[in-house]
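Biologist: Before we discuss any details, could you put the model up so that we can look at it together?

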Amino acid sequence: MAVRVGVLGATGAVGQRLIQLLDPHPDFEIAALTASDASAGKTYRQAAKWRVDSPIPDDVADMTVTATDPDDVPNDVDLLFSSLPSSVGEAVEPGFCEAGYVVSSNSSNGRMDEDIPLVIPEVNADHLDLLEVQRDERGWDGAMVKNPNCSTITFVPTLAALDDYGLEKVHVATLQAVSGAGYDGVTSMEIIDNAIPHIGGEEDKLETESKKLLGSFDGAELALNDVEVGASCNRIPTIDGHLENVFVETAEDLTPDEAAEAMREYPSLDLPSSPDQLIEVFEDPERPQPRLDRTLGDGMSVSAGGIRESTFGLQYNCLAHNTMRGAAGASVLNGELLLENGYL
């Protein structure tokens with residue numbers, strides 16, 4: 001029997017991606033859609049300005065959107081996917097957990113809280129057991145897991161593949177697509193024929209979330225990884241796909257060939273949304289490129305290339321689809337991990 005799920009913030013960009021992924025999902029059945037009070041009571045077709053590159057599912061289009069309130073979501077919904085703005089998520093997500101719902105959230109609020117697992121399933125699936133600590137400390141019948149920022153997700157799997165060599169320092173410069181800012185985030189007059197060398201709050205997310213994701217959990221407490229991370233974030237006029245330039249210093253000597261092999265061999269998982277190859281490695285120094293490579297593994301793979309020695313140790317480029325692997329797909333993958341581990 002399919003698990004009944006809902007989408008909080010269903011009309012936004014990530015909410016629409018979630019619906020695109022969940023409607024044909026083998027284990028999940030969409031049973032609830034929430035949005036702002038202005039959309040409540042309308043059919044989803046009326047409430048959402050559909051912008052995803054596939055038709056709106058007919059069964060979802062005729063569903064009635066409700067307010068984002070636990071009292072308006074059916075009790076038999078087992079899992080909620082949240083794509084709410086962080087300010088809204090901070091205000092309402094805990095209420096859903098108190099009401100007994102399990103929430104897989106893409107919203108940035110709470111990601112660095114000590115008792116909230118921040119998870120990339122292929123990297124730190126064991127951190128999910130932090131939910132036991134969370135429930136004890138907060139008294140929740142439900143639970144909340146977060147996926148990280150879309151640019152953090154892009155480079156952390158490649159770092160995890162190199163972790164055995166002793167990560168010491170990482171410098172990353174991001175070239176981020178406009179879809180990461182949402183439909184109304186960057187105007188055409190700002191970004192066409194331009195690049196914007198600042199994205200508010202983004203650098204801090206890369207620098208802190210990566211240390212939590214690469215940290216260790218002993219069953220009671222989570223210790224952050226002591227790698228030093230510095231980030232510079234830039235918005236460029238691509239639609240989807242975050243490209244990142246990464247410089248890594250390791251305690252042990254690491255050649256480009258060893259790094260490429262470690263990335264190629266880094267394992268994926270056997271979850272419905274998992275790609276066959278988690279990290280695709282290119283020998284062509286001109287790859288990866290957003291337009292050519294963002295949809296590898298149905299948008300759930302990370303790609304890497306240009307691996308070479310530099311005066312700062314190792315240098316390479318990596319890429320991921322920011323609204324699939326970096327947002328909606330990441331939340332769905334965490335939902336699949338919750339189901340596999342018996343939290344639903």
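Modeller: In the second largest pocket, 18 residues form the lining, and V178, S179, Y183, I239 and D240 lie nearest its centre. A pocket here is an open set of points on a 1 Å grid over the protein atoms alone, where a 1.4 Å probe fits, with protein on both sides within 12 Å along at least five of seven lines, and lining residues have an atom within 4 Å of a point. This is a predicted model, in which local features need pLDDT of at least 70, side-chain atom pairs count only at pLDDT 80 or more, and totals for chains, interfaces and linings use all residues. Residues are numbered from 1 along each chain as its sequence is written, and side-chain values use heavy atoms, with hydrogens and water left out.

Biologist: Which elements give two or more residues to the lining of the second largest pocket?

Modeller: Elements here are DSSP runs numbered from the N terminus, helices being H or I with at least four residues and strands E with at least two. Those that give two or more residues to this lining are helix 1 and helix 8 (188-191).

Biologist: Which element gives the largest share of the lining of the largest pocket?

Modeller: That lining has 45 residues, with V14, S83, L84, P85 and N106 nearest the centre of the pocket. The largest share, four residues, comes from helix 1.

Biologist: Why is helix 1 described as largely enclosed?

Modeller: Buried means under 20% relative accessible area, with a 1.4 Å probe and protein chains only. Helix 1 (residues 13-22) is largely enclosed by the rest of the structure because eight of its ten residues are buried. Those buried are V14, G15, Q16, R17, L18, I19, Q20 and L22.

How values were computed. Buried < 20%, exposed > 50% of the residue type's maximum accessible area, 1.4 Å probe, protein only.
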